[in-house]
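Me: I would like to go through a structure with you, one site at a time. Please keep the answers brief.

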Amino acid sequence: MRLGQETSTEAEERDGFRFRGGHPALDLTATLQGRLKGTPRELLAEPEDLARWLMAAGLAPSDLPCDADAVRVARELREAIHQLVHAHLSGASPPDRARRVLNQVARRGSAPRQLSAEGEALLAGDALQRLAFVANEAIALLGGTDRERVRKCENEGCAVLFVDVSRSGARRWCSMAACGNRHKVAEFRRRRS
Ligand SMILES: [Zn+2]
């Protein structure tokens, strides 16, 4: 997949991972599922899981080698981004430890963009460089004006974070087909009873 390709609603689930955030840093936070349900499910358990996520996210080719160290960094980065976004959403300043982790990963040297023979922008580099790319994108998002567009899905049990790129800026759900529809059905039932 092309780097930076728009994630449409049909493509919001790829290879068992959710891509509802419209941003790689926010999609990374969704690799720990069920955060708010007391039964978290780790989707980045093994190096091959990280390789699959990077590929599904359009950040790597299918044969990218990953090791246990890259998985550890990916999870640390993910939790740092999660905490930083939540601090931002609650109006707090960035928590120190999370900020340090994010900056440290970003400093490793981001994967460079390369133009392919087909004229598409692709990333080069190893797994840690690609994670550094995600960290840099997270900093650009959280340190720029687009942070005002970052939302948590309004479905209480859903922890998905997304960038609201709608013109109205009034998007409420990570996915209209999932959480939006669930809300509509609940509203309908409530009105009828
Ligand atoms: Zn949701």
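Me: Cys158 and Cys179: buried or exposed?
Reply: Cys158 and Cys179 are both buried, where buried means under 20% relative accessible area, exposed over 50% and partly exposed in between, with a 1.4 Å probe and protein chains only. Please note that this is a predicted model, in which local features need pLDDT of at least 70 and side-chain atom pairs pLDDT 80 or more, while totals for chains, interfaces and linings use all residues. Residues are numbered from 1 along each chain as its sequence is written, and side-chain values use heavy atoms, without hydrogens and water.

Me: Which protein donors does the zinc ion have?
Reply: They are the SG atoms of Cys153, Cys158, Cys174 and Cys179, at 2.3 to 2.4 Å from the zinc ion. Donors are N, O and S atoms within 2.8 Å of the metal (3.2 Å for Na, K and Ca); water is not among the atoms, so sites may look incomplete.

Me: What spacing do the donors follow along the chain?
Reply: The spacing is C-x4-C-x15-C-x4-C. Cys158 lies in the loop between strand E7 (150–152) and strand E8 (161–163), and Cys179 lies in helix H6 (residues 176–192), so this pair ties together parts that are 21 residues apart in sequence. Helices (H or I, at least four residues) and strands (E, at least two) are DSSP runs, numbered from the N terminus.

Me: And what is the geometry of the zinc site?
Reply: The site is tetrahedral, with angles of 106 to 116 degrees among the four donor atoms. Four donors count as tetrahedral if all angles lie between 85 and 135 degrees.

Me: Where is Cys153, and what is it in contact with?
Reply: Cys153 is in the loop between E7 and E8, and at 1% relative accessibility it counts as buried. Beyond its neighbours within four places in sequence, its contacts (heavy atoms within 4.5 Å) include Val160, Phe162, Arg172 and Trp173. The C-alpha atoms of Cys153 and Arg172 are 6.0 Å apart, although the two are 19 residues apart in sequence.

Me: What caps the N-terminal end of H6?
Reply: Ser175 does, through a side-chain oxygen 3.2 Å from the backbone nitrogen of Ala177.

Me: Moving on to Asp164: where is it, and what does its side chain reach?
Reply: Asp164 is in the loop between E8 and H6, and it is buried, with a relative accessible area of 0%. The side chain of Asp164 reaches the backbone nitrogen of Ala170 at 3.2 Å.

Me: New topic. How do H3 and H5 pack?
Reply: Helix H3 (residues 68–89) and helix H5 (residues 127–142) pack at an angle of about 5 degrees, with axes 10 Å apart. That makes H3 roughly parallel to H5, a label for angles under 35 degrees. Axes are lines fitted to C-alpha atoms, for helices over the stretch in contact, and angles run from 0 to 180 degrees between N-to-C directions. Residues of H3 including Val73, Leu77 and Ile81 meet residues of H5, among them Leu131, Val134 and Ala138.

How values were computed
Tetrahedral: all angles 85-135°; square planar, octahedral: opposite > 155°, others 65-115°. Parallel < 35°, antiparallel > 145°, perpendicular 65-115°, else oblique. Polar contact = N/O pair within 3.5 Å; in protein donor to acceptor, adjacent residues only side chain to side chain.
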